[in-house]
Amino acid sequence: MGYLIIGLGNIGAEYVDTRHNIGFMVLDQLAALQKTSFVTDKLGMVATCEYQGCTLYLLKPTTYMNLSGRSVCHWLGHTRIHVIHSLVIVDDVALPFGKLRMKARGSAAGHNGLKNIEAFLGTQAYPRLRMGIGSNFPKGRRADYVLAPFTAEEQKALPASMAQACQMILSFCASGIGPTMERYNNLTPQ
């Protein structure tokens, strides 16, 4: 069984360690834990690993956030993985910083990366892991906020949140979305 794990973010040095790149950051950590590394391929940077009899394809789209759907669609087809065996890791201003929530489907909630994926797939029914980044920004300044680096205080709390995200991804692949949501959705990263 194969799984496509997609971390959303933007390529380029100016976006490294910004809130919008939390998907990339989680996949970097998961790749390190699984002792694999990324190679640049068509429309993305890809790493593969085995986990409990499953092949995991870790994808960081190189199409920029707002055009993520093109990369996701290509890699679902290339790997022949059904959309229900994919998982999109995405930043979410609607959740408090550090809160993680896995869902089997849902709206894009104003997130341009998710909107583009939805447009390419023609459905909202794809699993996603929403990573809370908080909403501590004045009205009209959302773009500035998501493209800014994490604060020093947030950086201290980030490792626990990212470690829990990695556990949730591996649980999703080994146990399925239902048991993973039941076990993790109400936990606070420690």
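Biologist: Does lysine 60 count as buried or exposed, and at what relative accessibility?

Modeller: This is a predicted model, in which local features need pLDDT of at least 70, side-chain atom pairs count only at pLDDT 80 or more, and totals for chains, interfaces and linings use all residues. Residues are numbered from 1 along each chain as its sequence is written, and side-chain values use heavy atoms, with hydrogens and water left out. Buried means under 20% relative accessible area, exposed over 50%, and partly exposed in between (1.4 Å probe, protein chains only). Lysine 60 therefore counts as buried, at 7%.

Biologist: With which side chain does the side chain of lysine 60 make a polar contact?

Modeller: Lysine 60 is in contact (heavy atoms within 4.5 Å) with residues including Phe24, Asp28 and Phe38, its neighbours within four places in sequence being left aside. A polar contact is a pair of N or O atoms within 3.5 Å; within protein, one must be able to donate a hydrogen and the other to accept it, and residues adjacent in sequence count only if both atoms are side-chain atoms. At 2.6 Å, the partner side chain is that of aspartate 28.

Biologist: How do the residues of the lining of the largest cavity divide into nonpolar, polar and charged?

Modeller: On a 1 Å grid over the protein atoms alone, a cavity is a set of points where a 1.4 Å probe fits but cannot get out, and lining residues have an atom within 4 Å of a point. The lining includes Ile22, Phe97, Gly132 and Ser161. Ala, Val, Leu, Ile, Met, Phe, Trp, Tyr, Cys and Pro count as nonpolar, Asp, Glu, Lys and Arg as charged, and the others, Gly among them, as polar. The division is six nonpolar, two polar and no charged.

Notes. 1 Å grid on protein atoms, 1.4 Å probe; cavity = no way out; pocket = protein on both sides within 12 Å on 5 of 7 lines; lining within 4 Å.
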